[in-house]
Structures are given as structure tokens and as C-alpha cells.
Amino acid sequence: MPHLVVSPLSGLAETAKAHEAREMITLLSAPATLVPPPEIRPGRHLFIDINDISAKAEGLRAPEVHHIEEIVAFAERWDRSSPLLVHCWMGISRSTAAAYIIALALNRQADEMGHALMLRRRAPSATPNARMIALADSLLERDGRMINAIKRIGRGAEASEGKPFVLPLDG
């Protein structure tokens, strides 16, 4: 069964190799540069240039609807022959939001709360970026259910960085 793998930047190479990921989404702010692990196929790496903020702030790049559209479009083109690797700096906020969004975008009938609870079980430190979730909720026409589900699971456990984890698509 195809699944997502979420990782902080520090565990990226090891996680890509261990899970044999061939496609990857990076959520970092420029001027961060990144050479994808050798496992990632050419042309199958999406770099989303956003800061980990939930409200617009001068000098920082807040997530916008076009970023969510890019994430969803990339995931829809994912061939699912190997896991899709999603990462950000710490593996706690942007990447967990993106993984949750992808899981619901690829399964339009999926239960928002069920996926949020699964995210919490698999990633106790996950605190999905609220702005990304709100934008996706609107884009995917979830009528507030994504926002409410993430609010219900609350802020994740304190951690200096998240641990890599697998998020199944089937809930």
C-alpha cells in the first residue's frame, strides 16, 4: 500500500534510503539549498519556499493557496511505486501539515478526524501548520473539518525535532 514518509531535514538521507523513497517534497525557506538524496529520481523533487508561520509577517514567506495547490498537484502525479517523502526543517509543522493534506487530497472520501488521530499516534510531536491546514480545508472543500480535526488533536508534544514516521493513505 502506498504511504507517505515524513522526516526532519537531519534524517533526510537516512530516511530516503531506509524507505526507498523515489519522490520528495521539501518545505523550507529560501535561501536554503538542498541536494536531494541519490534515491530521489530526477524531476521528482518539489521545493516549496515557505517559512513556518501561520500568519503573514514582513520579511517572511507565509504559506499561500498556490503552495497548497502545488503540493496537491505533485502528490497527484506521484506514481505510488514507492513512498512519497515529505520533509521540512524540524519535521513537526510544515511537513506534518503537508502529509495530512496529501492524505486527504488523494482520498476525497477520507475522514478528517480519523486521519488527524492517526497523525497524532504516529507523530506525537506533530503540530501541523495551521495556515496550511486552513488553506487546504478551503481548497479541498472540507467545510472546516480539517481545521477542526487538527484543533482537536492539539499541539504536539515538545520536541527539538520530530522523528521520521510513516503515514498510510488509507487511514
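These legends go with several close-up views of a predicted model. Because the model is predicted, local features need pLDDT of at least 70 and side-chain atom pairs count only at pLDDT 80 or more, while totals for chains, interfaces and linings use all residues. Residues are numbered from 1 along each chain as its sequence is written, and side-chain values use heavy atoms, with hydrogens and water left out.

**View 1. Strand β2, residues 23–28, is covered on both faces.** Here 6 of the 6 residues in β2 are buried (under 20% relative accessible area, with exposed meaning over 50% and partly exposed in between; 1.4 Å probe, protein chains only). Helices (H or I, at least four residues) and strands (E, at least two) are DSSP runs, numbered from the N terminus. Side chains in a regular strand alternate between the two faces of the sheet. On one side of β2 you'll find E23, I25 and L27, and on the other M24, T26 and L28.

**View 2. β2 pairs with β4 and with β3.** Strands count as paired if DSSP finds at least two bridges between them. β4 (residues 84–88) runs parallel to β2, joined to it by 5 bridges; look for I25 with its partner V86. The pairing of β2 with β3 (residues 45–49) is also parallel, again over 5 bridges, and here T26 sits opposite F47.

**View 3. Helices α3 and α5 pack with a right-handed crossing.** The axes of α3 (residues 94–106) and α5 (residues 130–139) come within 9 Å and cross at roughly 15°. Axes are lines fitted to C-alpha atoms, for helices over the stretch in contact, and angles run from 0 to 180 degrees between N-to-C directions. The two helices are therefore roughly parallel (under 35 degrees; over 145 is roughly antiparallel, 65 to 115 roughly perpendicular, the rest oblique). Right-handed means the near helix is turned clockwise from the far one by less than a right angle. R94, A97, A98, Y100 and I101 of α3 touch M132, I133 and A136 of α5 (contact: heavy atoms within 4.5 Å). That set splits into 7 nonpolar, no polar and 1 charged (Ala, Val, Leu, Ile, Met, Phe, Trp, Tyr, Cys and Pro are nonpolar, Asp, Glu, Lys and Arg charged, the others, Gly among them, polar).

**View 4. E20 has a positive phi.** Most residues other than glycine have a negative phi. E20, with phi near 55°, lies in the loop between α1 (12–19) and β2. E20 is exposed, at 51% relative accessible area.

**View 5. D143 has a positive phi too.** Its phi is about 55°, although D143 is not a glycine. D143 belongs to the loop between α5 and α6 (145–153) and is exposed, at 67% relative accessible area.
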